[in-house]
Amino acid sequence: MTASHLLGLLEPRLDPATREWLSRAGASSSGNALDASAFLEAFAMAGRRLGQKPLGTPEDTLAGLGLSLAPDTRTPALLGRVALLLRAQERLEPEGYEALVAACYRSGDNGERQAVLKTLPLLHHPERFLALARDACRTHVQPVFEAIACENPYPAAYFPESAFNQLVLKAVFTGVPLARVVGLERRHNSELARMAADYASERRAAGRDVPTDLTLLSPGASA
Amino acid sequence: MKLFDPHIHMTSRTTDDYQAMAAAGIVAVLEPAFWLGQPRTHVGSFEDYFASLVGWERFRASQFGIRHFCAMALNPKEANDPNLVDWVLALLPRYLGKDGVVAVGEIGFDEVTPSEERCFAEQLELARRFELPVLVHTPHRDKKRGTERTLAMLREHRFPEERVLVDHNTEETLPLVLESGGWAGHSIYPRTKMDEERMVTLVQRHGAERILINSAADWGVSDPLKVPKTVARMRERGVDEETIETIVWRNPVAFFAQSGRLDLTELEKPATIDQRELWEGNSVLRGQTAVVRT
């Protein structure tokens, strides 16, 4: 997907002043070249400029663009930020672009971080952002964790087995339905089944109920 | 009965908590260095954090009659950030020699990655060099396997087991830790980890030897009064006073006394409070009358 596809979806829903802002967002004041600090400023401002109210964008429209989002995250701010990141990729050398993505994440608030994580699978050579994606799994901020763990093909495509297993177990821990983890069936492995069975055993020893999703990972877990 | 909470992150707690803890009989706390809920990205953030653990926080506790000890370490979660590891490990020797630092911790595993393993190993060596015991965190996910791996690491490094406190135990990990010869901590939490009822059952089954309990209270939903609340539950269910005192006072004192930095005579006396004192010009008071108890 390119930035223009996404902008094409977004622009008709914006007023002319916001459209104009978005078209220039991230460019230096003197010309059209992308300027890193102007970009970071625009990336933050996108929340207020574009709005956080979910759009009624149908699932298949987004899927056509290669983007899968839970309905409550389909906001103009998130779509706009994904578009900004995609547009920046077209304008920067790989090295400068990687630094920009890292900066967007590092100094980003929760909404900015969600947008970065949703963009990762759409980029050229997504594997270069593996460290960032794995780091995101360590967050305690649930919407940020869900941005990488749910409706996102990145982990199944690029995570090594141990990191993928940790992500799946953390999803169960935090009550995320495993149906939202993309590619789970394909990446399922015996170590993950062992971890799920151990977790079920720990819950039983503590006199607690066993999450039903554990049976998806280890058929005997709920017994 | 004097109480010792051997694992609590006071940096994240309020002065109301300090007052309630003192009123409930807590006279000493151990604050292990951990993460702050969101990852730090600069070594300077650790420098200021470590300085606050031996500085402002220690002073703050003293203003409420609570003795504050700490454990210093690079925690397992942040041990995965390659931009931090070397720098924080290099910073630790500057702090491990200080008063009030009675252990290296929390070290151990979160996801059991190679970087966590390296930091764990290097910090065991630091503990040996500074003659400190270690406080070892165990993972929340894949706990039993993570605990087995932890105990194996300690054996591989020939770290003396009597100087190891393995924390956050459950029904399944406690027997493994006791069998290893180490001390076993239990974090009593409102929902996860361990609760009061289960803890009393474990005490009835395993006794008091090398067993500790703590609140592990931090910035999340947690309760800094879980040690006194568990004491109350133990009494209600008929655990004898000797056993209770061993768990909530004698064991933590004996474990951290291995640092050689606990003044046992001083610990037995009631703490003095003088809220007229200042720390770098700052007082804990906001216009209140200073409490003085000498």
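How many residues does the contact take from chain A and from chain B? In this predicted model, the contact (heavy atoms within 4.5 Å) takes 17 residues from chain A and 21 residues from chain B. Local features need pLDDT of at least 70 and side-chain atom pairs count only at pLDDT 80 or more, whereas totals for chains, interfaces and linings use all residues. Residues are numbered from 1 along each chain as its sequence is written, chains are lettered from A in the order in which they are written, and side-chain values use heavy atoms, with hydrogens and water left out.

Between them, chain A and chain B bury about 1,900 Å², buried area being the accessible area (1.4 Å probe) that two parts lose on being put together, summed over both. Carbon and sulfur atoms account for 45% of this area. On chain A, 33% of the area buried against chain B is supplied by A:Arg138, A:Gln166 and A:Arg208, more than by any other three residues.

Two salt bridges are counted between the chains, each defined as a side-chain nitrogen of Lys or Arg within 4 Å of a carboxyl oxygen of Asp or Glu. A:Arg138 forms a salt bridge with B:Glu111, with 3.6 Å between the closest N and O atoms. Helix 11 (161-173) and helix 13 (190-205) of chain A each supply at least two residues of the side that touches chain B; helices here are DSSP runs (H or I, at least four residues) and strands likewise (E, at least two), numbered from the N terminus. Helix 13 of chain A gives the most to this side, with seven residues.

The largest nonpolar core has 73 residues. Such a core is a set of buried Ala, Val, Leu, Ile, Met, Phe, Trp, Tyr and Cys residues joined through side-chain atoms within 4.5 Å, where buried means under 20% relative accessible area and exposed over 50% (1.4 Å probe, protein chains only). B:Phe50, B:Met72, B:Leu96, B:Val134 and B:Met234 touch the most other members. Helix 4 (residues 85-96) of chain B contributes the largest share of this core, seven residues. A second, separate core of 71 residues includes A:Leu85, A:Ala88, A:Leu123 and A:Ala136.

Some backbone features were also noted. The peptide bond from B:Gly105 to B:Glu106 is cis, with omega near -5°, and B:Glu106 is in strand 4 (residues 101-108) of chain B. A:Glu151, not a glycine, has a positive phi of about 50°. A:Glu151 is buried, with a relative accessible area of 16%. B:Glu280 also has a positive phi, near 45°, but is exposed, with a relative accessible area of 71%.
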